[in-house]
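Thanks for asking me to look this over. Here are my notes, point by point, to read alongside the model.

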Amino acid sequence: MELLDLVRTYKIPENLVNQGLSLIDNENTKWGRHTYSTAHADKPDDIVTNGDIEPLIYEMNANQLSFELVAFALDKYVEEFNYASCTQFSSVRFNRYKVGQEMLPHTDAITSLFSGNARGCPICSIVGLLRGCEEGGEFVMRTPDGKETNFLTEDGTVLIFPSTFAYEHFVRPVKKGVRDSYVAWSFF
């Protein structure tokens, strides 16, 4: 089995795409800055931001839309890979990329799943594309052998893959338009 054999893309139900876009296109939506942890075994936990190059984020509280954007895709994934079953998943976080913004290469070492009331170890990463930009903004996965593959090439699709070091991924800079996506993680 190859690493990318564990990566799956599914179509998001149109009503969920429309609900998500309606929510984030609302003028009252409060966008924040993307931050991430640099925690490694040999370094202290440090939260950083790359200023204006990374996307704006909107962290949605757990609600029905957050549940539905993730649950249908996880159900399909677990049907194929029953060993990927999980007991919980995080609330959805929306990412809005404007011209010049990108997501730098990273793996999903989601340290926030180890704190708070609900704690766990990440199993799967869930990335949905509600609306792609006109130019740029490609979602790329790079395997340890250096092979790069584009995913999420169609609006209204969601990608699921294991949350491990073997699945480095990034979003190329947006050159024209706005890219709206969401992320969540399953854990046990």
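**Notes on strands, confidence and a pocket**

1. Let me start with a strand pair: β2 (residues 32-33) and β5 (residues 56-59) run antiparallel and are joined by two bridges. Strands here are DSSP runs of E with at least two residues, numbered from the N terminus, and two of them count as paired if DSSP finds at least two bridges between them. Within this pair, G32 sits opposite I57 of β5.

2. A word on what you are viewing. This is a predicted model, in which local features need pLDDT of at least 70 and side-chain atom pairs count only at pLDDT 80 or more, while totals for chains, interfaces and linings use all residues. Residues are numbered from 1 along each chain as its sequence is written, and side-chain values use heavy atoms, with hydrogens and water left out.

3. On confidence, the average pLDDT (the predictor's confidence in each residue, from 0 to 100) is 87 for the protein, and 86% of the residues score at least 70. Please take note of residues 39-45, where pLDDT stays under 50. For that stretch the model has eight contacts (heavy atoms within 4.5 Å) beyond four places in sequence.

4. Strand β5 has another partner to look at: four bridges join β5 to β7 (residues 93-97), again antiparallel. Here E59 has R93 of β7 as its bridge partner.

5. Next comes an open sheet of four strands, in the order β8-β14-β11-β12 and with antiparallel pairing. Its edges are β8 (103-106) and β12 (148-151), each of which pairs on one side only. From one strand to the next the twist averages 20°, with axes taken as lines fitted to C-alpha atoms and angles running from 0 to 180 degrees between N-to-C directions.

6. Which residues stand opposite one another in β14 and its partners? Four bridges join β11 (residues 139-142) to β14 (residues 168-171); there R142 faces E168 and F139 faces V171. Two bridges join β8 to β14, and H106 stands opposite H169 of β14.

7. Finally, the lining of the second largest pocket divides into five nonpolar, five polar and three charged residues, where Ala, Val, Leu, Ile, Met, Phe, Trp, Tyr, Cys and Pro count as nonpolar, Asp, Glu, Lys and Arg as charged, and the others, Gly among them, as polar. A pocket is an open set of points on a 1 Å grid over the protein atoms alone, where a 1.4 Å probe fits, with protein on both sides within 12 Å along at least five of seven lines; lining residues have an atom within 4 Å of a point. Of the 13 lining residues, G136, G137, E138, L152 and T153 lie nearest the centre.
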